[in-house]
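This report describes the spaces inside a protein model and the residues around them.

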Amino acid sequence: MNTTTESKTTTFLNYINGEWVASDTGQTEVSKNPAIKGEVVGSYQLSSSNDFNDAATSARIAQKAWRKLAGSVRGDYLLKAASILEERIDDIAATMTREMGKTFAEAKGETARGVAILRYYAGEGMRSVGDVIPSTDSEALLFTTRVPVGVVGVITPWNFPVAIPLWKMAPALIYGNTVVIKPASETAITCAKVINCLHDAGFPAGVINMVTGSGAKIGTEMVNHREIDAITFTGSNTVGKQLAHSAVTRGIKYQLEMGGKNPVIVASDADLDLAVDATISGGLKSTGQKCTATSRVIVQKEVYDRFKEKLLEKVAEITVGDGLESGTWMGPCASEGQLNTVLSYIEKGKEEGATLLFGGNRVLENKGYYVEPTVFESTSPDLTIVREEIFGPVLALLKVDTLEEALELANDSEYGLSASIFTTNIGNMLSFINEMDAGLMRINAESAGVELQAPFGGMKQSSSHSREQGRAAIEFFTSIKTVFIK
Ligand code: NAD
(Lines give C-alpha, C1' and ligand atoms only; values in the text may rest on other atoms or scores of the structure.)
Protein backbone atom coordinates (compact mmCIF):
# COMPACT_ATOMS: atom_id res chain seq x y z
CA MET A 1 0.00 0.00 0.00
CA ASN A 2 1.41 3.36 -0.95
CA THR A 3 1.66 5.48 2.18
CA THR A 4 3.88 8.26 3.43
CA THR A 5 5.38 8.54 6.90
CA GLU A 6 5.49 11.91 8.61
CA SER A 7 6.92 12.13 12.13
CA LYS A 8 6.24 8.45 12.96
CA THR A 9 2.61 8.64 11.78
CA THR A 10 1.66 6.75 8.66
CA THR A 11 -0.50 8.66 6.22
CA PHE A 12 -2.97 6.57 4.26
CA LEU A 13 -4.01 7.66 0.78
CA ASN A 14 -7.18 7.48 -1.28
CA TYR A 15 -7.54 4.52 -3.64
CA ILE A 16 -8.63 5.67 -7.10
CA ASN A 17 -8.42 3.83 -10.42
CA GLY A 18 -6.14 1.13 -8.98
CA GLU A 19 -3.66 3.55 -7.40
CA TRP A 20 -3.01 5.03 -3.96
CA VAL A 21 -3.18 8.81 -4.37
CA ALA A 22 -3.12 11.85 -2.11
CA SER A 23 -6.09 14.22 -2.12
CA ASP A 24 -5.70 17.37 -4.17
CA THR A 25 -6.55 19.35 -1.01
CA GLY A 26 -3.19 18.37 0.47
CA GLN A 27 -5.03 18.01 3.79
CA THR A 28 -5.12 15.07 6.16
CA GLU A 29 -6.75 14.27 9.49
CA VAL A 30 -5.62 11.88 12.21
CA SER A 31 -7.41 8.77 13.41
CA LYS A 32 -7.08 8.45 17.19
CA ASN A 33 -7.04 5.52 19.59
CA PRO A 34 -9.97 5.86 22.03
CA ALA A 35 -8.22 3.49 24.47
CA ILE A 36 -5.10 5.64 24.86
CA LYS A 37 -5.63 9.39 24.84
CA GLY A 38 -3.30 11.16 22.46
CA GLU A 39 -2.26 8.04 20.54
CA VAL A 40 -2.56 8.48 16.79
CA VAL A 41 -3.24 5.39 14.69
CA GLY A 42 -2.51 7.11 11.38
CA SER A 43 -3.68 9.86 9.07
CA TYR A 44 -6.19 9.76 6.24
CA GLN A 45 -7.01 12.11 3.36
CA LEU A 46 -9.50 14.95 3.70
CA SER A 47 -10.74 14.66 0.15
CA SER A 48 -12.32 17.11 -2.28
CA SER A 49 -15.07 17.02 -4.87
CA ASN A 50 -12.36 16.54 -7.51
CA ASP A 51 -11.07 13.42 -5.76
CA PHE A 52 -14.58 12.02 -5.62
CA ASN A 53 -15.18 12.87 -9.25
CA ASP A 54 -11.99 11.01 -10.26
CA ALA A 55 -13.14 7.95 -8.29
CA ALA A 56 -16.68 7.93 -9.69
CA THR A 57 -15.44 8.47 -13.25
CA SER A 58 -12.95 5.62 -13.04
CA ALA A 59 -15.65 3.37 -11.54
CA ARG A 60 -17.92 4.20 -14.50
CA ILE A 61 -15.21 3.42 -17.06
CA ALA A 62 -14.22 0.17 -15.31
CA GLN A 63 -17.79 -1.04 -15.07
CA LYS A 64 -18.05 -1.65 -18.85
CA ALA A 65 -15.51 -4.48 -18.82
CA TRP A 66 -16.23 -5.71 -15.29
CA ARG A 67 -19.90 -6.45 -15.96
CA LYS A 68 -18.95 -8.50 -19.04
CA LEU A 69 -16.81 -10.95 -17.06
CA ALA A 70 -18.34 -14.31 -16.15
CA GLY A 71 -19.61 -14.38 -12.57
CA SER A 72 -17.14 -17.16 -11.77
CA VAL A 73 -14.23 -14.95 -12.90
CA ARG A 74 -15.42 -12.11 -10.67
CA GLY A 75 -15.74 -14.71 -7.92
CA ASP A 76 -12.08 -15.70 -8.33
CA TYR A 77 -11.04 -12.14 -7.42
CA LEU A 78 -13.18 -12.30 -4.28
CA LEU A 79 -11.65 -15.65 -3.33
CA LYS A 80 -8.14 -14.25 -3.73
CA ALA A 81 -9.06 -11.23 -1.60
CA ALA A 82 -10.49 -13.55 1.08
CA SER A 83 -7.19 -15.44 1.37
CA ILE A 84 -5.18 -12.22 1.59
CA LEU A 85 -7.49 -10.81 4.27
CA GLU A 86 -7.15 -14.09 6.18
CA GLU A 87 -3.33 -13.85 6.06
CA ARG A 88 -3.51 -10.29 7.45
CA ILE A 89 -6.18 -10.95 10.06
CA ASP A 90 -4.04 -10.08 13.10
CA ASP A 91 -2.84 -6.75 11.71
CA ILE A 92 -6.27 -5.69 10.47
CA ALA A 93 -8.00 -6.73 13.71
CA ALA A 94 -5.40 -4.88 15.81
CA THR A 95 -5.88 -1.76 13.67
CA MET A 96 -9.64 -2.01 14.20
CA THR A 97 -9.18 -2.31 17.98
CA ARG A 98 -6.85 0.70 17.98
CA GLU A 99 -9.20 2.80 15.87
CA MET A 100 -12.57 2.11 17.50
CA GLY A 101 -11.89 0.21 20.70
CA LYS A 102 -13.64 -3.16 20.44
CA THR A 103 -11.62 -6.00 21.97
CA PHE A 104 -9.04 -7.76 19.83
CA ALA A 105 -11.00 -11.03 20.08
CA GLU A 106 -14.12 -9.34 18.73
CA ALA A 107 -12.13 -7.52 16.03
CA LYS A 108 -10.57 -10.81 14.96
CA GLY A 109 -14.00 -12.46 14.87
CA GLU A 110 -15.29 -9.63 12.70
CA THR A 111 -12.34 -9.87 10.31
CA ALA A 112 -12.90 -13.64 10.02
CA ARG A 113 -16.51 -12.78 9.21
CA GLY A 114 -15.20 -10.54 6.42
CA VAL A 115 -13.24 -13.48 5.00
CA ALA A 116 -16.38 -15.64 5.08
CA ILE A 117 -18.46 -12.89 3.40
CA LEU A 118 -15.99 -12.70 0.50
CA ARG A 119 -16.07 -16.48 0.09
CA TYR A 120 -19.85 -16.63 0.30
CA TYR A 121 -20.31 -14.00 -2.41
CA ALA A 122 -17.62 -15.58 -4.61
CA GLY A 123 -20.01 -18.56 -4.82
CA GLU A 124 -22.85 -16.27 -5.90
CA GLY A 125 -21.04 -15.82 -9.21
CA MET A 126 -22.09 -19.39 -10.07
CA ARG A 127 -25.72 -19.26 -8.94
CA SER A 128 -28.86 -18.63 -10.97
CA VAL A 129 -30.00 -15.08 -11.64
CA GLY A 130 -33.42 -15.59 -13.15
CA ASP A 131 -36.53 -17.68 -13.74
CA VAL A 132 -38.22 -19.18 -16.74
CA ILE A 133 -41.91 -18.17 -16.66
CA PRO A 134 -44.57 -20.04 -18.66
CA SER A 135 -45.73 -17.77 -21.49
CA THR A 136 -49.33 -17.80 -22.73
CA ASP A 137 -47.76 -18.06 -26.18
CA SER A 138 -46.63 -21.69 -26.52
CA GLU A 139 -43.97 -20.75 -29.10
CA ALA A 140 -42.34 -18.06 -26.98
CA LEU A 141 -39.72 -18.13 -24.25
CA LEU A 142 -40.41 -15.83 -21.29
CA PHE A 143 -37.73 -15.46 -18.65
CA THR A 144 -36.06 -13.05 -16.26
CA THR A 145 -32.39 -12.23 -15.92
CA ARG A 146 -30.55 -9.70 -13.79
CA VAL A 147 -28.09 -6.96 -14.66
CA PRO A 148 -25.87 -4.86 -12.39
CA VAL A 149 -27.18 -1.47 -11.25
CA GLY A 150 -23.94 0.25 -12.36
CA VAL A 151 -21.69 2.30 -10.06
CA VAL A 152 -22.58 1.87 -6.39
CA GLY A 153 -21.72 4.45 -3.72
CA VAL A 154 -21.02 2.85 -0.33
CA ILE A 155 -21.16 4.80 2.96
CA THR A 156 -20.26 2.92 6.14
CA PRO A 157 -20.16 3.54 9.93
CA TRP A 158 -17.31 2.91 12.35
CA ASN A 159 -18.80 0.15 14.46
CA PHE A 160 -18.14 -2.78 12.07
CA PRO A 161 -15.31 -1.35 9.99
CA VAL A 162 -14.46 -4.62 8.18
CA ALA A 163 -17.75 -6.52 8.02
CA ILE A 164 -20.06 -3.71 6.85
CA PRO A 165 -17.86 -2.46 3.97
CA LEU A 166 -17.43 -6.06 2.83
CA TRP A 167 -21.06 -7.08 3.13
CA LYS A 168 -21.87 -4.15 0.84
CA MET A 169 -18.92 -4.29 -1.57
CA ALA A 170 -18.77 -8.09 -2.07
CA PRO A 171 -22.34 -8.47 -3.40
CA ALA A 172 -22.01 -5.23 -5.40
CA LEU A 173 -18.90 -6.60 -7.10
CA ILE A 174 -20.03 -10.16 -7.72
CA TYR A 175 -23.16 -9.00 -9.53
CA GLY A 176 -21.08 -6.80 -11.87
CA ASN A 177 -21.17 -3.36 -10.25
CA THR A 178 -18.16 -1.20 -9.51
CA VAL A 179 -17.89 0.73 -6.24
CA VAL A 180 -16.74 3.93 -4.57
CA ILE A 181 -16.62 3.63 -0.79
CA LYS A 182 -16.51 6.44 1.76
CA PRO A 183 -15.77 4.82 5.12
CA ALA A 184 -16.40 6.42 8.52
CA SER A 185 -13.48 8.71 9.36
CA GLU A 186 -13.03 7.06 12.77
CA THR A 187 -12.05 3.81 11.02
CA ALA A 188 -10.63 5.07 7.72
CA ILE A 189 -7.34 3.24 8.26
CA THR A 190 -8.92 -0.14 8.91
CA CYS A 191 -10.86 0.37 5.67
CA ALA A 192 -7.69 1.33 3.76
CA LYS A 193 -6.11 -1.96 4.91
CA VAL A 194 -9.15 -3.92 3.71
CA ILE A 195 -9.05 -2.11 0.35
CA ASN A 196 -5.36 -2.99 0.12
CA CYS A 197 -6.31 -6.70 0.32
CA LEU A 198 -8.63 -6.16 -2.65
CA HIS A 199 -5.89 -4.26 -4.48
CA ASP A 200 -3.41 -7.09 -3.89
CA ALA A 201 -5.99 -9.59 -5.14
CA GLY A 202 -5.57 -7.88 -8.54
CA PHE A 203 -9.01 -6.39 -9.17
CA PRO A 204 -8.88 -4.37 -12.41
CA ALA A 205 -8.22 -0.63 -11.99
CA GLY A 206 -11.35 1.40 -11.22
CA VAL A 207 -13.51 -1.52 -10.07
CA ILE A 208 -12.99 -0.52 -6.42
CA ASN A 209 -12.30 3.02 -5.23
CA MET A 210 -12.03 4.54 -1.75
CA VAL A 211 -12.27 8.25 -0.92
CA THR A 212 -11.96 9.33 2.72
CA GLY A 213 -13.01 12.56 4.42
CA SER A 214 -15.95 14.44 5.83
CA GLY A 215 -19.26 12.58 5.64
CA ALA A 216 -21.20 15.75 4.94
CA LYS A 217 -18.88 16.70 2.05
CA ILE A 218 -18.07 13.39 0.36
CA GLY A 219 -21.44 11.80 1.20
CA THR A 220 -23.34 14.72 -0.32
CA GLU A 221 -21.04 14.67 -3.35
CA MET A 222 -21.67 10.95 -3.72
CA VAL A 223 -25.45 11.00 -3.67
CA ASN A 224 -25.58 13.93 -6.11
CA HIS A 225 -22.91 12.73 -8.56
CA ARG A 226 -24.13 11.85 -12.07
CA GLU A 227 -21.98 8.69 -12.24
CA ILE A 228 -23.47 7.16 -9.08
CA ASP A 229 -26.41 4.86 -9.83
CA ALA A 230 -27.16 3.59 -6.33
CA ILE A 231 -26.25 4.34 -2.71
CA THR A 232 -25.99 1.80 0.08
CA PHE A 233 -25.72 3.40 3.52
CA THR A 234 -25.37 2.18 7.09
CA GLY A 235 -25.38 4.72 9.89
CA SER A 236 -27.64 7.08 11.80
CA ASN A 237 -31.27 7.81 10.96
CA THR A 238 -30.66 11.52 10.49
CA VAL A 239 -28.00 11.06 7.84
CA GLY A 240 -29.81 8.12 6.22
CA LYS A 241 -32.97 10.12 5.69
CA GLN A 242 -31.08 13.09 4.23
CA LEU A 243 -29.42 10.76 1.73
CA ALA A 244 -32.75 9.14 0.87
CA HIS A 245 -34.26 12.55 0.03
CA SER A 246 -31.41 13.33 -2.36
CA ALA A 247 -31.53 9.84 -3.88
CA VAL A 248 -35.26 10.17 -4.55
CA THR A 249 -34.73 13.58 -6.13
CA ARG A 250 -32.19 12.08 -8.53
CA GLY A 251 -34.27 8.93 -9.01
CA ILE A 252 -31.46 6.56 -8.02
CA LYS A 253 -31.70 3.39 -5.99
CA TYR A 254 -30.91 3.61 -2.28
CA GLN A 255 -30.68 1.28 0.67
CA LEU A 256 -30.47 2.38 4.33
CA GLU A 257 -29.64 0.40 7.46
CA MET A 258 -29.97 2.59 10.53
CA GLY A 259 -30.61 2.56 14.25
CA GLY A 260 -32.24 0.18 16.68
CA LYS A 261 -33.66 0.07 20.22
CA ASN A 262 -33.69 -3.66 20.50
CA PRO A 263 -35.73 -5.41 23.19
CA VAL A 264 -35.16 -8.70 24.97
CA ILE A 265 -38.23 -10.29 26.55
CA VAL A 266 -37.63 -12.63 29.48
CA ALA A 267 -40.77 -14.73 30.01
CA SER A 268 -41.63 -16.30 33.37
CA ASP A 269 -40.65 -19.78 32.05
CA ALA A 270 -37.26 -18.66 30.66
CA ASP A 271 -33.90 -20.30 31.36
CA LEU A 272 -32.69 -17.34 33.42
CA ASP A 273 -28.97 -18.12 33.25
CA LEU A 274 -29.18 -18.26 29.47
CA ALA A 275 -31.19 -15.02 29.38
CA VAL A 276 -28.69 -13.23 31.64
CA ASP A 277 -25.66 -14.32 29.60
CA ALA A 278 -27.35 -13.33 26.32
CA THR A 279 -28.49 -9.95 27.69
CA ILE A 280 -24.93 -9.16 28.74
CA SER A 281 -23.37 -10.39 25.54
CA GLY A 282 -26.03 -8.77 23.31
CA GLY A 283 -26.16 -5.51 25.22
CA LEU A 284 -22.61 -4.81 26.36
CA LYS A 285 -20.15 -6.48 23.95
CA SER A 286 -18.49 -3.90 21.66
CA THR A 287 -19.40 -1.44 24.44
CA GLY A 288 -23.02 -1.59 23.27
CA GLN A 289 -22.08 -0.02 19.94
CA LYS A 290 -24.02 -2.37 17.69
CA CYS A 291 -27.19 -1.49 15.82
CA THR A 292 -28.55 -4.85 17.03
CA ALA A 293 -27.43 -4.36 20.66
CA THR A 294 -29.94 -5.14 23.40
CA SER A 295 -31.01 -1.97 25.19
CA ARG A 296 -34.47 -2.69 26.61
CA VAL A 297 -34.86 -5.73 28.88
CA ILE A 298 -38.52 -6.55 29.49
CA VAL A 299 -38.99 -9.13 32.24
CA GLN A 300 -42.13 -10.85 33.57
CA LYS A 301 -42.80 -10.06 37.22
CA GLU A 302 -42.54 -13.68 38.47
CA VAL A 303 -38.83 -13.84 37.56
CA TYR A 304 -37.93 -10.14 37.64
CA ASP A 305 -36.10 -10.09 40.98
CA ARG A 306 -34.16 -13.30 40.34
CA PHE A 307 -33.20 -12.13 36.82
CA LYS A 308 -32.09 -8.73 38.13
CA GLU A 309 -29.97 -10.28 40.88
CA LYS A 310 -28.23 -12.68 38.50
CA LEU A 311 -27.71 -9.94 35.89
CA LEU A 312 -26.13 -7.50 38.36
CA GLU A 313 -23.85 -10.23 39.73
CA LYS A 314 -22.50 -10.94 36.23
CA VAL A 315 -22.28 -7.29 35.13
CA ALA A 316 -20.11 -6.63 38.20
CA GLU A 317 -17.57 -9.14 36.82
CA ILE A 318 -17.03 -7.20 33.56
CA THR A 319 -13.50 -5.88 33.12
CA VAL A 320 -13.19 -2.57 31.27
CA GLY A 321 -9.93 -1.63 29.58
CA ASP A 322 -7.86 -1.42 26.42
CA GLY A 323 -9.16 -4.00 23.97
CA LEU A 324 -5.61 -5.01 23.07
CA GLU A 325 -4.87 -6.07 26.66
CA SER A 326 -5.69 -9.66 27.53
CA GLY A 327 -8.33 -9.87 30.22
CA THR A 328 -10.35 -6.94 28.88
CA TRP A 329 -14.00 -7.83 28.30
CA MET A 330 -15.23 -4.37 27.30
CA GLY A 331 -13.22 -1.67 25.56
CA PRO A 332 -13.75 2.11 25.52
CA CYS A 333 -16.41 4.07 23.64
CA ALA A 334 -15.24 4.65 20.07
CA SER A 335 -14.52 8.36 20.53
CA GLU A 336 -14.77 11.24 22.97
CA GLY A 337 -17.98 12.37 21.28
CA GLN A 338 -19.49 8.90 21.67
CA LEU A 339 -18.48 8.81 25.36
CA ASN A 340 -20.11 12.20 25.95
CA THR A 341 -23.32 11.04 24.27
CA VAL A 342 -23.44 7.95 26.50
CA LEU A 343 -22.76 9.98 29.66
CA SER A 344 -25.46 12.49 28.74
CA TYR A 345 -28.01 9.68 28.33
CA ILE A 346 -27.00 8.30 31.74
CA GLU A 347 -27.57 11.75 33.26
CA LYS A 348 -30.95 11.99 31.53
CA GLY A 349 -31.89 8.57 32.90
CA LYS A 350 -31.16 9.75 36.45
CA GLU A 351 -32.89 13.10 35.98
CA GLU A 352 -36.05 11.48 34.60
CA GLY A 353 -36.31 9.18 37.61
CA ALA A 354 -34.90 5.82 36.50
CA THR A 355 -33.13 3.89 39.26
CA LEU A 356 -29.44 3.39 38.58
CA LEU A 357 -28.70 -0.20 39.60
CA PHE A 358 -25.11 -0.44 38.39
CA GLY A 359 -22.36 1.71 36.86
CA GLY A 360 -23.08 5.07 35.30
CA ASN A 361 -19.59 6.50 35.73
CA ARG A 362 -16.67 7.31 33.55
CA VAL A 363 -13.64 5.13 34.42
CA LEU A 364 -9.90 5.14 33.57
CA GLU A 365 -10.42 8.81 32.80
CA ASN A 366 -6.74 9.58 32.38
CA LYS A 367 -6.28 6.73 29.96
CA GLY A 368 -9.12 6.99 27.42
CA TYR A 369 -12.88 7.17 26.77
CA TYR A 370 -14.10 4.47 29.11
CA VAL A 371 -17.47 4.13 30.84
CA GLU A 372 -18.78 1.48 33.23
CA PRO A 373 -21.37 -1.02 32.02
CA THR A 374 -24.59 0.56 33.22
CA VAL A 375 -27.93 -0.92 34.28
CA PHE A 376 -31.07 1.11 34.99
CA GLU A 377 -34.43 0.04 36.33
CA SER A 378 -37.06 2.00 34.46
CA THR A 379 -40.41 2.89 35.95
CA SER A 380 -41.92 4.23 32.74
CA PRO A 381 -41.76 3.26 29.06
CA ASP A 382 -41.57 6.95 28.20
CA LEU A 383 -38.11 7.72 29.59
CA THR A 384 -35.54 8.91 27.07
CA ILE A 385 -33.22 5.98 27.89
CA VAL A 386 -36.07 3.60 26.95
CA ARG A 387 -36.97 5.37 23.72
CA GLU A 388 -33.79 6.67 22.08
CA GLU A 389 -30.84 4.74 20.69
CA ILE A 390 -27.90 5.31 23.08
CA PHE A 391 -25.27 3.25 21.21
CA GLY A 392 -23.43 2.53 24.45
CA PRO A 393 -23.27 -0.03 27.29
CA VAL A 394 -26.55 0.93 28.93
CA LEU A 395 -29.41 -1.47 29.73
CA ALA A 396 -32.89 -0.46 30.91
CA LEU A 397 -34.91 -3.09 32.81
CA LEU A 398 -38.71 -2.97 32.62
CA LYS A 399 -41.11 -5.14 34.65
CA VAL A 400 -44.36 -6.44 33.11
CA ASP A 401 -47.25 -8.64 34.29
CA THR A 402 -47.96 -10.67 31.15
CA LEU A 403 -46.42 -11.70 27.86
CA GLU A 404 -49.03 -9.62 26.01
CA GLU A 405 -47.86 -6.58 27.92
CA ALA A 406 -44.25 -7.47 27.16
CA LEU A 407 -44.95 -7.64 23.42
CA GLU A 408 -46.86 -4.39 23.48
CA LEU A 409 -43.98 -2.65 25.24
CA ALA A 410 -41.40 -4.25 22.94
CA ASN A 411 -43.31 -2.92 19.92
CA ASP A 412 -43.70 0.54 21.46
CA SER A 413 -40.68 1.92 19.60
CA GLU A 414 -40.01 3.74 16.38
CA TYR A 415 -37.37 1.12 15.59
CA GLY A 416 -37.74 -2.51 14.52
CA LEU A 417 -34.33 -4.00 13.88
CA SER A 418 -33.75 -6.98 16.18
CA ALA A 419 -35.69 -8.58 19.06
CA SER A 420 -35.17 -11.57 21.35
CA ILE A 421 -37.33 -13.65 23.61
CA PHE A 422 -36.27 -16.13 26.27
CA THR A 423 -38.97 -18.74 26.85
CA THR A 424 -39.46 -22.49 26.80
CA ASN A 425 -43.12 -22.24 25.82
CA ILE A 426 -43.98 -22.82 22.16
CA GLY A 427 -47.09 -20.62 22.45
CA ASN A 428 -44.97 -17.71 23.64
CA MET A 429 -42.53 -18.31 20.78
CA LEU A 430 -45.33 -18.27 18.21
CA SER A 431 -46.87 -15.08 19.65
CA PHE A 432 -43.44 -13.45 19.48
CA ILE A 433 -42.84 -14.54 15.87
CA ASN A 434 -46.30 -13.35 14.79
CA GLU A 435 -46.61 -10.12 16.75
CA MET A 436 -43.14 -8.65 17.20
CA ASP A 437 -42.25 -5.91 14.69
CA ALA A 438 -38.58 -6.60 13.95
CA GLY A 439 -36.58 -7.76 10.94
CA LEU A 440 -34.40 -10.08 13.03
CA MET A 441 -36.23 -12.43 15.41
CA ARG A 442 -34.13 -14.33 17.93
CA ILE A 443 -35.54 -16.99 20.24
CA ASN A 444 -33.38 -18.06 23.17
CA ALA A 445 -30.48 -16.19 21.60
CA GLU A 446 -29.00 -12.71 22.00
CA SER A 447 -30.35 -9.85 19.89
CA ALA A 448 -26.96 -9.11 18.34
CA GLY A 449 -26.11 -12.29 16.43
CA VAL A 450 -26.57 -12.51 12.67
CA GLU A 451 -25.39 -15.02 10.10
CA LEU A 452 -23.94 -13.74 6.85
CA GLN A 453 -25.88 -16.12 4.60
CA ALA A 454 -29.27 -14.90 5.90
CA PRO A 455 -31.12 -11.65 5.15
CA PHE A 456 -30.30 -8.74 7.48
CA GLY A 457 -32.38 -5.61 8.00
CA GLY A 458 -35.10 -3.97 10.00
CA MET A 459 -38.68 -2.77 10.04
CA LYS A 460 -40.09 0.68 10.84
CA GLN A 461 -37.40 3.40 11.18
CA SER A 462 -34.50 0.91 11.29
CA SER A 463 -34.15 0.47 7.57
CA SER A 464 -35.42 1.43 4.13
CA HIS A 465 -37.31 -1.88 4.22
CA SER A 466 -34.76 -3.56 2.01
CA ARG A 467 -32.50 -6.39 3.17
CA GLU A 468 -28.75 -6.88 3.01
CA GLN A 469 -26.57 -9.99 3.13
CA GLY A 470 -27.21 -13.55 2.02
CA ARG A 471 -29.09 -14.07 -1.20
CA ALA A 472 -31.30 -11.07 -0.35
CA ALA A 473 -28.49 -8.73 -1.45
CA ILE A 474 -29.22 -9.53 -5.10
CA GLU A 475 -32.40 -7.41 -4.89
CA PHE A 476 -30.50 -4.17 -4.29
CA PHE A 477 -27.39 -4.76 -6.37
CA THR A 478 -29.17 -5.85 -9.56
CA SER A 479 -32.13 -4.89 -11.73
CA ILE A 480 -34.49 -7.46 -13.18
CA LYS A 481 -34.98 -7.68 -16.95
CA THR A 482 -38.03 -9.53 -18.21
CA VAL A 483 -37.27 -11.10 -21.59
CA PHE A 484 -39.73 -12.38 -24.17
CA ILE A 485 -38.34 -14.26 -27.20
CA LYS A 486 -40.33 -15.54 -30.13
P1 NAD B 1 -23.34 8.40 10.98
O2 NAD B 1 -24.66 8.45 10.28
O3 NAD B 1 -22.88 9.58 11.71
O4 NAD B 1 -22.19 8.05 9.94
C5 NAD B 1 -22.30 6.97 9.04
C6 NAD B 1 -21.53 7.32 7.77
O7 NAD B 1 -22.18 8.42 7.14
C8 NAD B 1 -20.09 7.75 8.02
O9 NAD B 1 -19.29 7.27 6.97
C10 NAD B 1 -20.18 9.26 7.97
O11 NAD B 1 -18.98 9.88 7.61
C12 NAD B 1 -21.22 9.45 6.89
N13 NAD B 1 -21.90 10.75 6.94
C14 NAD B 1 -21.98 11.62 7.98
N15 NAD B 1 -22.69 12.72 7.60
C16 NAD B 1 -23.07 12.52 6.32
C17 NAD B 1 -23.83 13.28 5.39
N18 NAD B 1 -24.37 14.45 5.72
N19 NAD B 1 -24.03 12.75 4.16
C20 NAD B 1 -23.54 11.56 3.83
N21 NAD B 1 -22.79 10.80 4.66
C22 NAD B 1 -22.56 11.27 5.89
O23 NAD B 1 -23.39 7.09 11.93
P24 NAD B 1 -22.22 6.51 12.86
O25 NAD B 1 -22.17 7.34 14.09
O26 NAD B 1 -20.99 6.30 12.08
O27 NAD B 1 -22.81 5.05 13.17
C28 NAD B 1 -23.70 4.81 14.20
C29 NAD B 1 -25.10 4.62 13.67
O30 NAD B 1 -25.10 3.60 12.68
C31 NAD B 1 -26.06 4.14 14.73
O32 NAD B 1 -27.29 4.82 14.61
C33 NAD B 1 -26.25 2.68 14.42
O34 NAD B 1 -27.46 2.12 14.88
C35 NAD B 1 -26.14 2.67 12.95
N36 NAD B 1 -25.78 1.34 12.46
C37 NAD B 1 -26.74 0.60 11.84
C38 NAD B 1 -26.45 -0.67 11.39
C39 NAD B 1 -27.50 -1.49 10.69
O40 NAD B 1 -27.12 -2.41 9.97
N41 NAD B 1 -28.76 -1.20 10.86
C42 NAD B 1 -25.17 -1.20 11.57
C43 NAD B 1 -24.21 -0.42 12.22
C44 NAD B 1 -24.53 0.86 12.65
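## Cavities and the ligand site

Phe12, Leu13, Asn14, Tyr44, Gln45, Ala188, Ile189, Ala192, Met210 and Thr212 form the lining of the second largest cavity. The model is a predicted one. This second largest cavity has a volume of about 40 Å³. Strand S6 (40-45) and helix H6 (188-200) each give at least two residues to its lining, and H6 has the largest share, with three residues. By class, the lining of the second largest cavity has seven nonpolar, three polar and no charged residues.

In total, the structure contains three cavities of 30 Å³ or more. The largest cavity has a volume of about 80 Å³. It is lined by 15 residues, and the closest to its centre are Gly288, Lys290, Ala293, Ser295 and Phe391. Its lining divides into five nonpolar, seven polar and three charged residues.

The ligand takes up the space of the largest pocket. Around the ligand are 27 residues, of which Thr156, Ser236, Met258, Cys291 and Glu389 are the closest. This shell consists of 15 nonpolar, nine polar and three charged residues. Helix H7 (215-224), strand S12 (230-234) and helix H8 (237-250) each supply at least two residues of the shell.

| Residue | Protein atom | Ligand atom | Distance |
|---|---|---|---|
| Met258 | backbone N or O | nitrogen | 2.7 Å |
| Lys182 | polar side-chain atom | oxygen | 3.0 Å |
| Gly215 | polar backbone atom | nitrogen | 3.4 Å |

On its own, the ligand has 850 Å² of accessible area, and the protein covers 87% of that area.

Notes
Residues are numbered from 1 along each chain as its sequence is written. This is a predicted model: local features need pLDDT of at least 70, side-chain atom pairs count only at pLDDT 80 or more; totals for chains, interfaces and linings use all residues. Side-chain values use heavy atoms; hydrogens and water are left out. A residue is near a molecule or strand if one of its heavy atoms lies within 4 Å of it. A polar contact is a pair of N or O atoms within 3.5 Å; within protein, one must be able to donate a hydrogen and the other to accept it, and residues adjacent in sequence count only if both atoms are side-chain atoms. Accessible areas come from the Shrake-Rupley method with a 1.4 Å probe; for residues, only the protein chains shown count as cover. On a 1 Å grid over the protein atoms alone, a cavity is a set of points where a 1.4 Å probe fits but cannot get out, and a pocket is an open set with protein on both sides within 12 Å along at least five of seven lines; lining residues have an atom within 4 Å of a point. A molecule sits in a cavity or pocket if more than half of its atoms lie within 2 Å of its grid points. Helices (H or I, at least four residues) and strands (E, at least two) are DSSP runs, numbered from the N terminus. Ala, Val, Leu, Ile, Met, Phe, Trp, Tyr, Cys and Pro count as nonpolar, Asp, Glu, Lys and Arg as charged, and the others, Gly among them, as polar. Grid points are joined across faces, edges and corners, and a volume is the space filled by probe spheres set on the points.
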